[in-house]
Amino acid sequence: MSMRPGRRHFLRITGAIATAAMVGGPVEAQRRRGTMRELEAAVRATVGEGPIVEGRVTVEIPALVENGNAVPLTVRVESPMSADDHVRAIHVFSEKNPRPSIVSFHLGPRAGRAEISTRIRLVDTQTVVAVAETSDGRRWSGRTDVVVTLAACLEDA
Amino acid sequence: MRTRTLVKVPATARRGEVVEIKVLVSHPMETGFRRDRTGGAIPVDIIRRFECRYDGDTVFAADFHPAVAANPFLAFTTVATTSGTITFEWVGDNGFAHRESAEIQVE
Amino acid sequence: MSWRHGLAAALVLPIAALADAPAPGDRRSGYETMSPALRAMQDDDVANPGMLWVLDGEALWSTRAGAADRACADCHGDAAESMRGVAARHPTFDPRSAAPIALDQRIERCRVEQQGAAPSAPESHDRLALTAFVAHQSRGLALGPFDDPRLRPFVDAGRASFHQRQGQLDLSCADCHDRHPGRRLAGNVIPEGHPTGYPIYRLEWQTVGSLDRRLRGCLAGMRATVPAPGAPELTELAAYLAWRARGMTIETPAVRP
C-alpha cells in the first residue's frame, strides 16, 4: 500500500487510542450528525421521496468485526414473498464509507425468502442501514451499529 | 488471476422448495480510493452487476458498489420450479464479464 | 501517546510466567481465536475465498508449461494421492542445498528444472495458487514430525531468532506469541503464531499470501530488519514455527483477519 511500513502501524495504534478517547464526545456527536445526513441523502437518491417506515428489515452483522475489509452481512425482510406481496429490492447504505451506497439486491416472488448474505467493506465503526421496497410501493428500513476493530501489526512489508 | 468461481446449488430439490444458492467469484473489487507505492491513484475496477437466471428468467440480481468486498460472495434463495439450468453472470468495469451455470433436478 | 506506549500498554500486563512455546496438545491455532463468522468463512468451501486460489492451482497442475511442455500431473499424477502429506513435512531438509526448503520453493524448483519454466517471484499469483493447491491436499493431516536430525540445526537457529529481541521496539516474537497469546493488541487478539493455514486468505491483504509475507509483516511491525522474500532467515523461522506446531492440523487455505 501507499504508506511506509511502520508508519501505518503507528497510525493504526494511535488511531485506536484516539477513537477510544473520543467515543461519545461532543465533537464525535457533531460529526455523526453530518455523516448520517449524507447517508440519508443517498437513500433519497436511490428510493426517492415519501415515507420510509422503520421495521420488517433486519440488518445482521456479527458483534465482533476483526477487519473492515470483509464484513459478513445478512439482510432479511419479513414478507410472504407471494406474487402480490413481495420485496422487490433491498438497498444497503453505510454511514461513514467514502460513498454511502454499498449494494442493492433485486428480487421477487421467485426468491421464496427475502434473505441475502454478502461481505462488505466498512472503513470504521458506524451505522449500516438497509431500505426495502415492497411490491405495494412501500418502503421499510432497518439498521445496525457496527464496531470495526482496527487491525494490528500488519503493514505490507 | 484467471476468473474463478465457486457455485453451490443443490443437485436435486422438491418442487416448491426454497433452495439456497451461494456464489463466490475472484475479483479484486478495486475501490478507486487506494494509492499505489508511488502515490498514484489506482483506478476503480469493480464488478457492477450480478444476475441469476433460472430457466431464462431473472430470479435475483445485485448492483455492486466499491464497498462490496474483494472476491464477492453472495448467498440468496430461489424457489425450485422445474428441472433446468441456473445461470450466473457477473459484469463489470474494463469489459469484465463471466458466466457460470449449474443444473438442478426438481422432483 | 506514541506507538511505543501503545504497544507497551498492550504488552506490559502481568507478565505470565516467562513461558516457552505452549506444550504440544495445549496449542491453539489462530482459527480458534477468530470470531464465529470468520471461522464459518474458513469452514465453508464456497465462502472461503482461498478456495479460488486452490481452484486455480488445480488448473495449473494439469496445464502443460515451460520449455519441456509438461504438466505437474504428467509426472505426479493425481495430486490427491501424490501430494497428500507433502505440506505436512515442509519445510524439509534439502540435501542439495544442505538447508531447509519450503513447499513453495520446492514447487518452484520443479517448475524451473522439470518444466523448464521461467522463474516466478515468491508472491506471484501462480506460485501462491500452486502452493495453496498442493498444501490443500494435506488439509486435516497433522503437521510434522520434523524429526530429521539434519533439520535440527536450522530449527534451532529459527528458535534463537524467535527469541531474539530485535528492532526499534526491542521485542521478540516470543514476547507476543509465547508470552501474550490471547491478549489484545489494538483490538486484535494475539494468536500463538502457528503456520497451520498457509498460504492464507487474509482479509487485511484482500488476497492470498504466503507465510513469508506474514512473517515480514510481523518483523516490520517490530521495526526490525525485514529480509527479502524467500531469504534463508525466513525459512529457518518457518522451520522452527512448523516444528513448534508439530501435531497440529493443517487448515490450508485458512482465513485470517
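Biologist: Which conventions apply to the model?

Modeller: Residues are numbered from 1 along each chain as its sequence is written, while chains are lettered from A and ligands numbered from 1 in the order in which they are written. In this predicted model local features need pLDDT of at least 70, side-chain atom pairs count only at pLDDT 80 or more, and totals for chains, interfaces and linings use all residues, with side-chain values taken from heavy atoms and with hydrogens and water left out.

Biologist: How much area do domain 1 and domain 2 of chain A bury between them?

Modeller: The size of an interface is often given as the accessible area lost when the parts come together. Here buried area is the accessible area (1.4 Å probe) that two parts lose on being put together, summed over both. Carbon and sulfur atoms account for 25% of the area between domain 1 and domain 2 of chain A, and the total is about 440 Å².

Biologist: Which residues form the salt bridge across the interface of domain 1 and domain 2 of chain A?

Modeller: A salt bridge requires a side-chain nitrogen of Lys or Arg within 4 Å of a carboxyl oxygen of Asp or Glu. The rule finds one across this interface of domain 1 and domain 2 of chain A. The closest N and O atoms are 2.7 Å apart, and the partners are A:Arg32 and A:Glu95.

Biologist: Which three residues supply 31% of the area that chain A buries against chain B?

Modeller: The contact draws 28 residues from chain A and 34 residues from chain B. Chain A and chain B bury about 2500 Å² between them, with 51% from carbon and sulfur atoms. The three residues that supply 31% of the area chain A buries here, more than any other three, are A:Arg110, A:Arg119 and A:Arg121.

Biologist: Which residue of chain B forms a salt bridge with A:Arg110?

Modeller: The count between chain A and chain B is one salt bridge. Its closest N and O atoms are 2.8 Å apart, and the partner of A:Arg110 is B:Asp57.

Biologist: Which residue of chain B stands opposite A:Ser104?

Modeller: Strands are DSSP runs of E with at least two residues, helices are runs of H or I with at least four residues, and both are numbered from the N terminus. Two strands pair if DSSP finds at least two bridges between them. Four bridges join E5(A) to strand E5 (residues 57–64) of chain B, and the two run antiparallel. Opposite A:Ser104 stands a residue of E5(B), B:Asp63.

Biologist: How many helices and strands has chain B?

Modeller: From the N terminus on, its elements run β-β-β-β-β-β-β-β. The C-alpha trace of chain B spans about 60 × 20 × 20 Å along its principal axes. The count for chain B is zero helices and eight strands.

Biologist: Why is one side of E6 and of E7 of chain C left without a neighbour in the sheet?

Modeller: The open sheet of three strands has the order E6-E5-E7 (chain C), with mixed pairing. Strand E6 (207–209) and strand E7 (255–256) of chain C stand at the edges, so one side of each lacks a neighbour, each having a single partner strand.

Biologist: Where does C:Pro199 lie?

Modeller: A cis peptide bond joins C:Tyr198 and C:Pro199, with omega about -10°. C:Pro199 is placed in the loop between strand E4 (188–189) and E5 of chain C.

Biologist: Where does C:Asp69 lie?

Modeller: C:Asp69 has a positive phi of about 50° although it is not a glycine. Its place is in the loop between helix H3 (50–61) and helix H4 (72–76) of chain C.

Key:
Contact means heavy atoms within 4.5 Å.
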